[in-house]
Amino acid sequence: MRSINATIVTDEKGENLLFESKERVIGLDILKILSCLGITMIHFLGYTNVISSFVGLHYNKVLAYIFNILIRTAVNIFIMISGYFLVKSKFKYRRLFSIWGETLVYSVLFFLIGAIFNLESLSFSSIVKAAFPILSRHYWFATSYIVLYLLSPFINRMVCDLSKKEYTVLVCGGAILFSVWTTFIWFSDGALTGGPTSILWVVFMYLVGGYIRLYPPKIKKHTLFIVFTLLVGALVVYQYLKENISFLLNFGFLKEDSCFSLILSVILFLLFKDIKSKNLSVNKIITTLSGASFGVYLIQENCMIRNWLWLEVVRSKTMVYKWYLFPIFLLVMVCLFAMALIISGIYKIAFEGICNKLEPKKDNN
């Protein structure tokens, strides 16, 4: 069996902080923040169907086209980052309960806020979702991530037994079955049941991230930039053409599991993972914001908040021709990050305190 060795950096409490070197991978922290913006942009554009509101060409429409392409990589990248680090890590129950607990805190807190201020009508379904956010799949990504984390020891064991050639065949085969097939064979659902939110796709993207960690592709940066630019340009044209050519609507070229989104996700991952910074203050800001990204998702996707936020507060569809359409989005992101930083900061302090009290004290004798 091929062994995988990881250099694990720990803090004074023995917590695993990183699974590669003595420095954080700042580039991936930046990419995580951008992916958080992407997931939020999906809801910003999607809940009121902003793109379809434009008549004719407009600079906001072109920007919306470009953003609509880039945001399809967001969830893929989140999972790839997990695969990149977890493929060399050990399973920890503490991490599992931390994710579950944080999800529960956000779910209940914003349910109560929504109920108190009557932001959404109460129902038995919404109460169940708030009380059991993981079991009810209130937040599909949080549920999928926990399932993925539970599976990760077995996935990692499988990866340990594979040679580079076998791992390459596995990833390429998965790309064909779960991405290429569903992209071009419009009259079939393909081999992927459940689409880009299914556990099959989540596991596949985990394997892609793990492959990049173990066998980093040696592709020149300028080649990646060229392919990225050409592909984004082609997809912008596709979005414009499909408004007039109904047959193109059969193809899910912009879905998260399309081969185009997959390629763009991998390219962005490769471009960002080698970014480094020696500025400690900047690094601290980046890592702090990165740590709050999950909280941003939990706030704006809460069942009591999302419709109110996008349909009542932001109302993006009413300002499609305004210059401040996307600046408004950035303002929303600032507010979401501010709330997430406060809530997640308090949660982490409380969680550490509870864990320290529950853990048996070490005998110094």
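Tyr65, Ile66, Asn68, Ile69 and Leu70 of helix α2 are in contact with Phe228, Val232, Leu235, Val236, Gln239 and Tyr240 of helix α9, where contact means heavy atoms within 4.5 Å. Sorted by type, the residues of this contact are 9 nonpolar, 2 polar and no charged. The model is predicted, so local features need pLDDT of at least 70 and side-chain atom pairs count only at pLDDT 80 or more, while totals for chains, interfaces and linings use all residues. Residues are numbered from 1 along each chain as its sequence is written, and side-chain values use heavy atoms, with hydrogens and water left out.

**How α2 and α9 pack**

- Helix α2 covers residues 59-70 and helix α9 covers residues 221-242; helices are DSSP runs (H or I, at least four residues) numbered from the N terminus.
- The two helices pack at an angle of about 120°, and their axes are 9 Å apart; axes are lines fitted to C-alpha atoms over the stretch in contact, with angles from 0 to 180 degrees between N-to-C directions.
- α2 and α9 are therefore oblique to each other (under 35 degrees is roughly parallel, over 145 roughly antiparallel, 65 to 115 roughly perpendicular and the rest oblique).

- Arg306 belongs to helix α13, residues 306-314, and is buried, with a relative accessible area of 18% (buried means under 20%, exposed over 50%, and partly exposed in between, with a 1.4 Å probe and protein chains only).
- The side chains of Arg306 and Glu301 are joined by a polar contact of 3.1 Å (a pair of N or O atoms within 3.5 Å; within protein, one must be able to donate a hydrogen and the other to accept it, and residues adjacent in sequence count only if both atoms are side-chain atoms).
- Beyond its neighbours within four places in sequence, Arg306 is in contact with Tyr47, Lys129, Gln300 and Glu301.
- Asn307 is also placed in α13, and this residue is partly exposed at 27% relative accessible area.
- Not counting residues up to four places away in sequence, Asn307 touches Tyr47, Glu120 and Glu312.

**Positive phi in two loops**

- Asn49 lies in the loop between α1 (26-46) and α2; its phi is near 50°, a positive value in a residue other than glycine.
- Asn49 is partly exposed, with a relative accessible area of 43%.
- Asn118 sits in the loop between α4 (93-116) and α5 (124-131), has a positive phi near 55° and counts as exposed at 61% relative accessibility.

Methods. Nonpolar A, V, L, I, M, F, W, Y, C, P; charged D, E, K, R; others polar.
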